[in-house]
Amino acid sequence: MSAYDNYPSPCYILSEEALEANLQLLDLVQKEAGVSIICALKGMSFWHSFPLIKSYLAGATASSLNEARLIAEEMCCDAHTYAPVYMEEEFGQLLIYSSHLTFNSLSQWDKYRDIALNSPKKVSFGLRVNPEYSEIETDLYNPALPGSRLGILAEDMPKDLPEGIEGLHFHVLCENDSYALEHCLEAFEKRFSHYIKQCKWVNFGGGHHITRSDYDVLHLIQLLKDFKARYPNLEEVILEPGEAVGWQTGVLTSTVEDIVVNKGIKIAMLNVSFACHMPDCLEMPYKPTVLDATEPDENSKFVYRLGGCSCLAGDFIGMGDFAFPEPLEIGDRIVFDDMIHYTMVKTTFFNGVRHPSIGMIHKDGEFELLSVPGTYESYKEKLG
């Protein structure tokens with residue numbers, strides 16, 4: 001019997017205790033290094049936990065009007081906003097919800113400069129730059145590849161920061177450690193040191209895997225202190241991880257609905273979809289951890305492939321099968337670990353597949369069911 005048998009299926013379940021442990025570590029970095037760490041909603045948008053997140057972190061970052069509004073309403077603070085392009089009909093509202101707003105190009109700054117600088121709301125504006133260095137191995141997530149549409153190259157920058165620009169932002173990490181950040185900072189300073197000296201703030205973006213067990217937190221703290229010492233003009237250094245906030249804080253429960261066999265391969269058909277509910281498993285790709293399952297070997301007796309419930313032929317984990325201690329049966333619970341970050345935010349209604357419910361296990365051990373997505377109305381609404 002699984003420890004999750006008494007919880008709904010399918011359901012994203014957040015552990016409040018695990019989340020707070022991550023936040024305490026991130027807050028330690030903030031205090032020791034004298035920086036601001038904010039939560040990137042693109043990676044962690046479990047908004048029911050925003051009051052807890054805000055009690056530790058300095059705020060949140062948005063990449064759209066919807067995210068900025070969610071930050072304002074549920075975290076009760078202004079957003080650090082960045083988007084590759086801004087829409088004219090939304091820009092005025094973004095100013096209302098933002099404390100910082102970063103432009104992806106000089107042409108976007110030129111387009112909105114007068115509106116931005118004449119806004120009655122005080123907002124600090126910045127530019128995203130491209131250091132042309134990254135250690136991200138998956139091209140899909142690498143914004144520093146040649147021909148990238150994200151950020152301004154040093155060779156395209158004016159002699160000095162444009163009037164009205166107070167900060168620089170870069171984002172070239174993805175699940176990276178502090179040593180990758182160190183190398184990125186070397187490239188950033190080599191190309192942009194002249195501009196950093198003119199800034200009030202810099203934003204090192206996301207991808208900092210700070211809460212991973214093997215992350216060298218002390219090295220990060222010293223790295224940040226040394227950077228600040230080199231640029232005493234800076235009023236604020238900002239990091240905006242999403243995954244590090246939600247890392248290892250919850251699961252996605254599922255149920256075996258059928259078992260089919262093809263050429264000797266046993267496939268457990270689940271009531272969840274990798275394409276619809278765990279798309280990073282296919283996009284990254286990566287093999288998730290399944291509770292109570294192991295990697296198969298020559299001694300494994302009960303080996304299964306896990307299949308999703310959509311009609312996409314590739315809606316299964318192609319990185320390998322799973323070994324279980326006992327034969328799987330219809331009705332068994334399959335629990336995917338670490339499914340709170342970059343999962344809920346990327347769900348789709350492909351095939352009209354129902355979304356999982358959302359719940360939270362509070363620190364006292366009590367489970368709270370927060371939402372049960374509509375099986376029809378929300379799907380229809382999405383389609384207009």
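Guide: Start with one definition. The expected span of a helix is 1.5 Å times one less than its number of residues. Keep in mind that this is a predicted model. Helix α6 (residues 178-196) has 19 residues, so a straight helix would reach 27 Å. The end C-alpha atoms of α6 are only 20 Å apart. Helix α6 falls short of the straight span.

Visitor: Why is Glu 189 called buried?

Guide: Buried means under 20% relative accessible area. Glu 189 has 15%, so Glu 189 counts as buried. Its place is in helix α6. Other buried residues of α6 include Leu 181, Phe 188 and Ile 196. Among the elements that cover the buried residues of α6 are β8, β9 (201-203) and α7 (217-230).

Visitor: What makes the link between Glu 189 and Arg 230 a polar contact?

Guide: The cut-off is 3.5 Å between N or O atoms. The side chains of Glu 189 and Arg 230 are joined at 2.6 Å, so the pair qualifies. Leaving aside neighbours within four places in sequence, Glu 189 is also in contact with Ile 196, Phe 227 and Tyr 231.

Visitor: Which atoms come together at the start of α6?

Guide: A side-chain oxygen of Asp 177 and the backbone nitrogen of Tyr 179. The oxygen reaches to within 3.1 Å of that nitrogen.

Visitor: How do you know that Leu 95 is buried or exposed?

Guide: Leu 95 has a relative accessible area of 4%, so Leu 95 is buried. Leu 95 sits in helix α4 (residues 88-97). Not counting residues up to four places away in sequence, Leu 95 touches several residues, including Leu 101, Ile 115, Val 123 and Phe 125. Ser 119 is another one of them. Leu 95 and Ser 119 are 24 residues apart in sequence, and their C-alpha atoms are 7.6 Å apart in space.

Visitor: How do you know that β5 and β6 pair?

Guide: Two strands pair if there are at least two bridges between them. Four bridges join β5 (residues 79-82) to β6 (residues 98-103), so they pair. The two strands run parallel. Thr 81 has Leu 101 in β6 as its bridge partner.

Visitor: What makes β16 and β17 a pair, and how do they run?

Guide: Four bridges join β16 (residues 357-361) to β17 (residues 367-371), and at least two are needed, so they pair. They run antiparallel. Met 360 has Glu 368 in β17 as its bridge partner. The two strands form a hairpin with five residues between them. In the turn, Gly 365 has a positive phi of about 90°.

Note on methods:
Residues numbered from 1 in each chain as written. Predicted model: local features only at pLDDT ≥ 70, side-chain atom pairs only at ≥ 80, totals over all residues. Heavy atoms only, no water. Buried < 20%, exposed > 50% of the residue type's maximum accessible area, 1.4 Å probe, protein only. Contact = heavy atoms within 4.5 Å. Polar contact = N/O pair within 3.5 Å; in protein donor to acceptor, adjacent residues only side chain to side chain.
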